[in-house]
Amino acid sequence: KSKIDNSSPKVTRQVDYASRALGSKVFLHGTSPSYNSGLMSRLNPFSPKAKQPSVVFKESGKLALGDCWSFQGSTGHISVLLAAPVIPTHFEIEHIGNMDGLLRNSAPRHVRIIAVDDRSEHLVAEYDYTLDGPAVQNFPASLPLLQRPVNMIRLEILSNHGHPDYTCLYRFRVFSTVSKIQ
């Protein structure tokens, strides 16, 4: 007689090495200045509120409109000191879900991901975040895996989806199958 397993399926969550909860930190010298929207924009409920870049690395959950880090214009970058040295295998970028086009045009469009170690920088991925895709988009490391772990990742945003004043980044995650966590 076979036994039927009625238990809940096991959920395996990948470790996000850019998570603040695990100890990652924003490297401010490798990060664009935050957007200062001015008084009139602060009164507008659809303008981004002044948030620190670290909001990009907080734990997942339901995103709220404006719960993002924004920077002036369509090009900028953010650098994260990872929770542990890793060989990155893939990345996630998340923007607010389907809403008014005016709000979504502040989403990053063309991005480049650079791995940084104590000796050099390595381009590991270059992709487009699309508005017609899901809110959370996964990007594999498209170049050969690095030979040694890195402790910093820089996300370079090369364009947005057309917002003339600022770009908003809601979440950025870094995943790996290899780490040196003790």
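**Buried charges and nonpolar cores**

Biologist: Why is Arg154 called buried?

Modeller: The relative accessible area of Arg154 is 14%. Buried means under 20%, exposed over 50%, and partly exposed in between (1.4 Å probe, protein chains only), so Arg154 is buried. The model is predicted: local features need pLDDT of at least 70, side-chain atom pairs count only at pLDDT 80 or more, and totals for chains, interfaces and linings use all residues. Residues are numbered from 1 along each chain as its sequence is written, and side-chain values use heavy atoms, with hydrogens and water left out.

Biologist: What makes the pair Glu156 and Arg154 a salt bridge?

Modeller: The N to O distance between their side chains is 2.9 Å. A salt bridge requires a side-chain nitrogen of Lys or Arg within 4 Å of a carboxyl oxygen of Asp or Glu, so the pair qualifies. Glu156, in strand β7 (strands are DSSP runs of E, at least two residues, numbered from the N terminus), is buried at 14% relative accessibility.

Biologist: Which strands hold Glu121 and Arg154, and what does the pair tie together?

Modeller: Their side chains form a salt bridge at 3.0 Å, N to O. Glu121 lies in β5 and Arg154 in β7, so the pair ties together parts that are 33 residues apart in sequence. Salt bridges with shared partners join Arg112, Glu121, Glu126, Arg154 and Glu156 into one network. In contrast to Arg154, which is buried, Glu121 is partly exposed, because its relative accessibility is 48%.

Biologist: What makes a set of residues a nonpolar core?

Modeller: The set must consist of buried Ala, Val, Leu, Ile, Met, Phe, Trp, Tyr and Cys residues joined through side-chain atoms within 4.5 Å. The largest such core has 33 residues, of which Phe91, Ile153, Leu155, Leu169 and Phe172 touch the most other members. Strands supplying at least two residues each include β2 (69–72), β3 (76–94) and β7 (150–157), and β3 gives the most, with eight residues. Apart from this core lies another, of seven residues, among them Tyr35, Ile96, Cys168 and Tyr170.

Terms used. Helices (H or I, at least four residues) and strands (E, at least two) are DSSP runs, numbered from the N terminus.
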